[in-house]
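Q: Please examine the model below and explain the terms used to describe its helix packing.

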Amino acid sequence: MWADLPKAWGWDVPPAWWPLPLLAVAGVVVGLVVTRLPGAGGHVPASGLHPGGASAAALPGVVIAATASLPLGAVLGPEAPLIALGGGLALLFRHLVRAPATPESTALLGAAGAAAAIAAIFGNPLIAAVLLIEVAGVGGPQLFVVILPALLSSGVGGVVFTGFGRWTGLETGSLSVHFPTSPPRLDAGDVVWSMVLAVGIGVLVHLVIAGGRLTAAFVAGAPFVRTVVCAVAAGGCAALYAVATGRTPVEVASSGQATLTGLAADPHAWSVGALLAVLLFKFAAYALCLGSLRGGLVFPVLFLGAAAGVLLAPLPGLGVIPGAAAGMAAASAAALRLPVSSVALVVLVLGNAETIPVVILAAVTAFVTTELLPQGPAATPQPPRERAAGGGSVRS
C-alpha cells in the first residue's frame, strides 16, 4: 500500500494526497464493522491497553477492523487487535473441543492467547509475561494460576517465529532499533535532562490521550459517519505534513515502526523543522485514530518519544541515544500507565544495557507526572454489541 503500489504507479514515495483515499476506505470499513458486527471491531484504543473484551463472536470484526485500519495508515500499533485475536481464538478452541466454560477458564485462556499474540508481535516471549502481569494487575495466588500458563504460551508463540530444529520459523518484523554508534557513557547531563524531558513528554502524551478520548466521545454520537470523518482528518494530517516538509506522508501515517528504525539509523538526516512537524502532525493524527479506528497505543508513542528525544538532543550534556531512550520510555509510560512494562519494552527495543538508568528514570518520572495530572474525560464505554455472546468474554 505504501511502497510497492506507489512505485508501480511511478512514484518513488507516496504523493502527499495518498493517505486521504486509503484512510477514507479504512474509516468506511471500520464504521461498518462498529455498527454492524458483534464486538464493534475490538475496544477503542483510547481506553488503554488491556486483555479484556475478547470473545469468539467478536473475532471477525476484530480481524476486519484491524486489517482495514493498520495497513491503510492508521496511526496505531497492532498489539491491541492481536491481544483480542489471541484471546478470542483461545476461547474459540475451547468451544470447539466443548470444554467447560467457567469464569476461571475464561480468564486463563484469554491471558494465554493474549500472551502468545504479544510474544509474536514484540519478538520476545518475556515482554508478554511482564506486560500481562502489569496490565491485568495479577498478584498473589493468581500470579501462578494465570501468569505461568501465559508465560508458557508466550514461549510457544515465540518458538513459532524463531524456529527450532529444521523449522526456520515465520518471518516477521522486529520491534528493534539500531543506532549507528555505541551508546556513550552516561554523564550528569543525560540523567538530569532525561527527567526534565520525561515531565514534558508525560504532559504532552497525557493531553493527546485525553484528546483521543474526546474523539471517541465524538464518534460515539454517530459511529459510521464520524469514524469516516476522523479517519480522513488523520489522512489530512499526513498530507499536510508531506506538503509542509516535502517528505513522505508515511512518516505520519501508520504505526511508525519503520520510521523509528530509519530515525535511529540516521538521526541527523532529520532537520529541526522536520522533527517539529512530524511531532505536531503525528500527535494530531494519533489522537484522531485513538478514538475512531482500531489498533494499539504502543508503536506510535515509541516513535514520538524517540523523535522528541532526538529533537532535544542538542541540549547541553544530552546525547542522541540517551535522549531517544528517555523519550521512548517516558512516552510509553505516559500512554500505557505501565512503568515496568515500558522499561522492559524500551530496553528490549534498544538492546543495550548502557541506557537502562535513564530509561528507568524517565519512565518513573513520566508515570508520576501523568498520575498527578487531572485525568480528563473517561474512555467512552463500548457499545452493547461488543459484549455479544459467543465463546464468552475475557475479564479485564
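**Helix packing around α11**

A: In this predicted model, helix α8 (residues 188-221) packs against α11 with the axes 7 Å apart and at an angle of about 40°.

Q: Which residues of α8 and α11 meet?

A: From α8, L204, V205, V208, I209, G211, G212 and T215 meet F283, Y286, A287, L288 and L290 of α11. By class, this contact has nine nonpolar, three polar and no charged residues.

Q: What makes α9 roughly antiparallel to α11?

A: The axes of α9 (residues 223-245) and α11 (residues 272-290) come within 8 Å and cross at roughly 175°. Because angles over 145 degrees count as roughly antiparallel, α9 is placed in that class relative to α11.

Q: Which residues form the contact of α9 with α11, and how many of them are nonpolar?

A: C230, A233, A234, C237, L240, Y241 and T245 in α9 meet A274, A277, V278, F281, A284, A285, L288 and C289 in α11. The contact has 14 nonpolar residues, one polar residue and no charged residues.

Q: What is the secondary structure of the chain, and what percentage of its residues is buried?

A: The chain has 15 helices and zero strands. Of its 396 residues, 53% are buried, that is, under 20% relative accessible area.

Technical notes
Residues are numbered from 1 along each chain as its sequence is written. This is a predicted model: local features need pLDDT of at least 70, side-chain atom pairs count only at pLDDT 80 or more; totals for chains, interfaces and linings use all residues. Side-chain values use heavy atoms; hydrogens and water are left out. Axes are lines fitted to C-alpha atoms, for helices over the stretch in contact, and angles run from 0 to 180 degrees between N-to-C directions. Helices (H or I, at least four residues) and strands (E, at least two) are DSSP runs, numbered from the N terminus. Angles under 35 degrees count as roughly parallel, over 145 as roughly antiparallel, 65 to 115 as roughly perpendicular and the rest as oblique. Contact means heavy atoms within 4.5 Å. Ala, Val, Leu, Ile, Met, Phe, Trp, Tyr, Cys and Pro count as nonpolar, Asp, Glu, Lys and Arg as charged, and the others, Gly among them, as polar. Buried means under 20% relative accessible area, exposed over 50%, partly exposed in between (1.4 Å probe, protein chains only).
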